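Work through the exercises below with the sequence and the coordinates side by side, and try each task before reading its solution.

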Amino acid sequence: MIVVRSLLLFVLAALAEIGGAWLIWQGWRENRGLWWVAAGVIALGAYGFVATLQPDANFGRILAAYGGVFVAGSLAWGMVVDRFRPDRWDLLGAGICLLGVAVIMYAPRSAQ
């Protein structure tokens with residue numbers, strides 16, 4: 001159950017961070033206005049809090065693993081929201097990143 005909770009938190013963090021960055025992009029680069037930028041800043045702040053809910057207490061481990069989630073999540077966001085079509089190398093890279101997440105977060109460790 002701890003792994004499921006951790007995975008759900010990673011998904012929530014990805015939605016907050018990628019969504020926040022996208023909102024800022026839309027507000028600034030696509031001239032949608034400062035309300036979009038403000039919403040993006042709030043979402044990015046929420047991401048920071050979501051990361052603290054991970055069951056593992058090691059900040060570096062959480063952020064390192066989340067980096068892989070961010071890579072795969074960014075490609076997924078692009079596919080859904082911006083109609084981006086990743087090629088096989090994008091997908092392979094995302095898969096490698098997610099494998100790294102699994103190793104970093106869920107590999108068995110000796111008690112410390």
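H1 passes H2 in a left-handed crossing (the near helix is turned anticlockwise from the far one by less than a right angle, clockwise being right-handed), and the exercises start from this pair. The model is predicted, so that local features need pLDDT of at least 70 and side-chain atom pairs count only at pLDDT 80 or more, while totals for chains, interfaces and linings use all residues. Residues are numbered from 1 along each chain as its sequence is written, and side-chain values use heavy atoms, with hydrogens and water left out.

**Exercise 1.** Determine how H1 and H2 are oriented to each other, and which classes of residue make their contact.

Solution. Begin with the limits of the elements: H1 covers residues 2–28 and H2 covers residues 34–51, helices being DSSP runs of H or I with at least four residues, and strands runs of E with at least two, numbered from the N terminus. Next take the geometry, in which the two helices pack at an angle of about 160 degrees with their axes 7 Å apart; axes are lines fitted to C-alpha atoms, for helices over the stretch in contact, and angles run from 0 to 180 degrees between N-to-C directions. H1 and H2 are therefore roughly antiparallel, a term for angles over 145 degrees, whereas under 35 is roughly parallel, 65 to 115 roughly perpendicular and the rest oblique. Sorted by class, the contact of H1 with H2 has 19 nonpolar, four polar and one charged residues, where Ala, Val, Leu, Ile, Met, Phe, Trp, Tyr, Cys and Pro count as nonpolar, Asp, Glu, Lys and Arg as charged, and the others, Gly among them, as polar.

**Exercise 2.** Which residues have a positive phi without being glycine, and where are they placed?

Solution. Recall that most residues other than glycine have a negative phi. Asn31 has a positive phi of about 55 degrees, and its place is in the loop between H1 and H2, where Asn31 counts as exposed at 67% relative accessibility. Arg83 has a positive phi near 60 degrees, is found in the loop between H3 and H4, and is exposed with a relative accessible area of 63%. Asn31 can also be approached from Gln26 of H1, which counts as buried at 8%: leaving aside neighbours within four places in sequence, Gln26 is in contact (heavy atoms within 4.5 Å) with Asn31, Arg32 and Trp36.

Methods
Buried < 20%, exposed > 50% of the residue type's maximum accessible area, 1.4 Å probe, protein only.
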